[in-house]
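Please read this report alongside the sequence and the model, and look up each residue as its name comes up.

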Amino acid sequence: MKKLVLAIYVLLLWIVPVHAQAPFYQGKTIRIVTGYPAGDVNDLWPRLIAQHMTKYIPGNPNFIVQNMPGASSIIAANYVYNVAKPDGLTLGWIAPTLYFDQLVARKEVQYDWAKYTFVGSPVQSEHQLYMRTDSPYKTIEDVRRAAEPPKCGSGGATGTGFYFPKLLEETVGAKFNIVLGYQGGGPIDLAVEKGEIHCRAMTIESFFAREPFHTWRKNNFVRSIAQSGRKRDSRLPETPTIHELMDQYKTSDQSRRVATVILAGGVFGRPMVGPAGIPAERLSTLRSAFASALKDPDLKVEAEKRSYELEPVSGDEMERLAKEVVAQPPAVIDRMKKVLGN
């Protein structure tokens, strides 16, 4: 009998540690809340990453992607920051420029950009502004001289479609009439196609990644008239950068400083974030898995098929930059309020 009891005791000593050491993510589901509609690039990107990310997380959790579009992803951003538990099981995929709203103190903001848990971004995003070629606005100079500004579409006041035209207005005097309220990029492009509006600012990556842009470029339906990088993208060799335009029009130092803060959104790219307070060990696991997924050969093949760029930004780098961009002096914030129409 004593031998039987001893054997059971030894067996329990062996079994208990096995269960105690089971990975946290085993048998669990990670939810990614994206602030964009189904079919948008910012819906397809997290789905692709999730498909491969699970392979690099001990316990191989399931992933689901939940669409929560609206207000240029502010709805999703508020949800992740305030409602989601900081347990590493709910992540967000949100706009890289939501710190604008925080800096200008918009009432919709219920988050602190610097306190998000940043997991990483697959790419740094530079932007361009396309214009219908049959419009009278062939160059930025045409926009500057126009008696009636061209109409550009945007979902909200933090999206590229809003802030890049407004920044061109601030820095080089090119005025745009920005039409807000579109639920995603697709409806904006449809409005351009119908002739309701003339233009849209968006990422260069998206512009070269999918329809209708492949067909539009082939048919010379639109042309790019400005881009955000410090040097011209190789795919847009004829399109001037905002920095070239600022030099051409002798933009003031104060406006250039505002441009620096606003264009920092390009470094955040397509950010995957979590609520504040995710335990350090789980955050390390998520960041490592995210980075590994972006190096996965199968993901790279699929990204190339979709014409997705890969220029990853680490969660650590994003965390440092987030603290920098929200710590702006009053003069810069006041100027940003003017640029962003607050």
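## Aromatic rings

In this predicted model, ring pairs join Y81, Y99, F100, Y111, W113, Y116, F118, Y163 and F268 into a cluster. Two rings of Phe, Tyr or Trp (for Trp, its six-membered ring) are said to pair if their centres lie within 6.5 Å, and planes under 30 degrees apart count as stacked, those over 60 as edge-to-face and the rest as tilted. A search of the whole structure gives 20 aromatic pairs. In one of them, the rings of F213 and W216 have their centres 5.6 Å apart and their planes at 85°, so this pair is edge-to-face.

Both F213 and W216 belong to helix α9, residues 213–218, where they are three residues apart, about one turn of the helix. An α-helix has 3.6 residues a turn, so residues three or four places apart point the same way. Helices (H or I, at least four residues) and strands (E, at least two) are DSSP runs, numbered from the N terminus. F213 and W216 are both buried, where buried means under 20% relative accessible area, exposed means over 50% and partly exposed is in between (1.4 Å probe, protein chains only). The loop between α8 (204–207) and α9 holds P212, and the peptide bond from E211 to P212 is cis, with omega near 5°.

K28 lies over the face of F24, at 4.5 Å from the ring centre, and the charged end of R282 sits over the ring of F24, 3.6 Å from its centre.

## How the model was read

Residues are numbered from 1 along each chain as its sequence is written, and side-chain values use heavy atoms, with hydrogens and water left out. Since the model is predicted, local features need pLDDT of at least 70 and side-chain atom pairs count only at pLDDT 80 or more, while totals for chains, interfaces and linings use all residues.

## The chain as a whole

The chain has 16 helices and 11 strands, and its C-alpha trace spans about 100 × 45 × 30 Å along its principal axes. Of the 342 residues in the chain, 51% are buried. A contact means heavy atoms within 4.5 Å, and among contacts between residues at least 6 apart in sequence, 79% join residues at least 24 apart.

## Two packed helices

Two packed helices are described by the angle between their axes and the distance between the axes. Helix α6 (residues 160–172) and helix α11 (residues 253–263) pack at an angle of about 165°, with their axes 10 Å apart; the axes are lines fitted to C-alpha atoms over the stretch in contact, and angles run from 0 to 180 degrees between N-to-C directions. The two helices, α6 and α11, are therefore roughly antiparallel, a term for angles over 145 degrees, whereas angles under 35 count as roughly parallel, 65 to 115 as roughly perpendicular and the rest as oblique.

Where they meet, Y163, L167, E170 and T171 in α6 touch S255, A259, I262 and L263 in α11. The buried residues of α11 are S255, V258, A259, V261, I262 and L263, and their cover includes α4, α6, α10 (242–248), α12 (265–268), α15 (315–325) and α16 (330–339).

## Helix α3 and selected residues

Helix α3 covers residues 74–82 and contains A76. In α3, I74, A76, A77, N78 and V80 are buried, and what covers the buried residues includes β1 (29–34), β3 (90–93), α4 (99–103) and β10 (272–274). Not counting residues up to four places away in sequence, A76 touches V33, T34, G35, M68 and I94.

With residues up to four places away in sequence left out, E309 touches W45, P122, V123, Q124, E205 and R235.

S72 lies in the loop between β2 (62–67) and α3, and its phi is near 55°, a positive value in a residue other than glycine. S307 also is not a glycine, and has a positive phi of about 60°.

| Residue | Relative accessible area | Class |
|---|---|---|
| A76 | 0% | buried |
| S72 | 16% | buried |
| E309 | 21% | partly exposed |
| S307 | 30% | partly exposed |

Conventions. A charge sits over a ring if NZ of Lys or CZ of Arg is within 6 Å of the ring centre and within 35 degrees of the ring normal.
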